[in-house]
Amino acid sequence: MAHASQLAAPGDFVTHDLTGVPLLIVRGDDGALAGFLNVCRHRGTRVEGAACGKGKKGFVCPYHAWSYGRDGRLLAMTHAHGFEGVERESRGLVRVPVTEAGGLVWARASRATSRADEELDAALGPLADDLLGFGIGSSHVYAPRTFERSMSWKLAMDVFLETYHLRPTHKNTIYEMFFDNLGLVDRVGPHLRNLFPKRSIVELAKEPDAIVGGALRKHANILFHLFPNTLVLVQPDHAAVISAWPIAIDRVRMHAYTLVPEPPLSEKARAYWDANNAILYGATDEDFAMGESIQRGLASGANEEIVFGAFEHALAHFHGEVARRVG
Ligand code: FES
Ligand SMILES: [Fe+2]
């Protein structure tokens, strides 16, 4: 839903609609996050219209101005004498599960239950600590962007999950930094932890063991696929977060942002991160061009099934997990 820094203080909020259900996530006075269906309990209008905001005291429905607190309680019904017998206490915003893990904010687009809350808390498993270890929680959001492509959201995930394509697809761009078809994949529950070594990693052979672990992010791209639709790409001094949201079977909207250690205040700092982003989004453009090509190819009917080779087992894991859950 967001990076934790976007919801730092009480009353900071984000809304989110790409699950198909209007959601509102707010930092409460107690410092904890609360998640709600962003739906008025009078007649169902979307309550908060802004994408995000800071220090908001409460939320007022635009239709008849019922007002809700940061904690979701219904504070007032306009001309309340017309609602005799309606209990304010039972008309608060409906809660959804929300949690912070690995420096990111997660929610589910369905009514909260104690079981759903627990499942969400446990959803990242050990990867929550991995992300914190890479400083994801203490970073700042830079250069957020939204873009759409003509492909399934699953194809938008696939292009990140193997290095078999690296040499042919990225021949004139990032291939020179990496090896041909070389990567490590750990399956962590439904998720994937990938490590794509850079050619420079051979230099670590000369280093004492003590520094090798800390130097890993300098000599490899470390990519977390957080099931189902989020990627966190850890780079030497920053990270990128990309999430993919289906808006049709063959159309995806993506949200992406860069996580940097400090808010970039100078022109020089911004130019540095912009140059990094140009490399990343240049490479992902090459990937997404392949994804859109595959989408058109699928529609042709040429392939009744597609075939994953041994180097593509992470994709098989991802699609198996989707198929199992969708049933
Ligand atoms: S629908 Fe929200 S106040 Fe009427
Ligand atoms: Fe790629």
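Modeller: Let's start where A240 stands opposite T258 in β18. This is a predicted model, where local features need pLDDT of at least 70 and side-chain atom pairs count only at pLDDT 80 or more, while totals for chains, interfaces and linings use all residues. Residues are numbered from 1 along each chain as its sequence is written, and chains are lettered from A and ligands numbered from 1 in the order in which they are written.

Biologist: What makes β17 and β18 a pair?

Modeller: Strands are DSSP runs of E with at least two residues, and helices are runs of H or I with at least four, numbered from the N terminus. Two strands pair if DSSP finds at least two bridges between them. β17 (residues 239-248) and β18 (residues 251-260) have nine bridges, in the antiparallel sense, so they pair by that rule.

Biologist: Why are β12 and β13 said to stand at the edges?

Modeller: The open sheet has seven strands, ordered β12-β18-β17-β16-β15-β14-β13, with antiparallel pairing. β12 (140-149) and β13 each have a single partner strand, so one side of each lacks a neighbour in the sheet. On average, neighbouring strands here are turned by 15° against each other, direction ignored.

Biologist: How do you know that helix α7 packs on the sheet?

Modeller: Residues are in contact if their C-beta atoms, placed from the backbone, lie within 7 Å. Helix α7 (residues 267-300) touches β12, β17 and β18, and its direction makes about 25° with that of β12. Helix α8 (residues 313-326) packs on the sheet too, touching β13, β14 (191-197) and β15, at about 165° to β14. Those angles run from 0 to 180 degrees between N-to-C directions, with axes fitted as lines to C-alpha atoms, for helices over the stretch in contact.

Biologist: Why is H79 called exposed, and H219 partly exposed?

Modeller: A residue is buried with 20 or more other C-beta atoms within 10 Å of its own, exposed with 12 or fewer, and partly exposed in between; the C-beta atoms are placed from the backbone. H79 has 9, so it is exposed. H219 has 17, so it is partly exposed. H219 sits in helix α6 (residues 216-219), and among its contacts are P197 and L204.

How values were computed
Two residues are in contact if their C-beta atoms, placed from the backbone, lie within 7 Å. Lists of a residue's contacts leave out its neighbours within four places in sequence.
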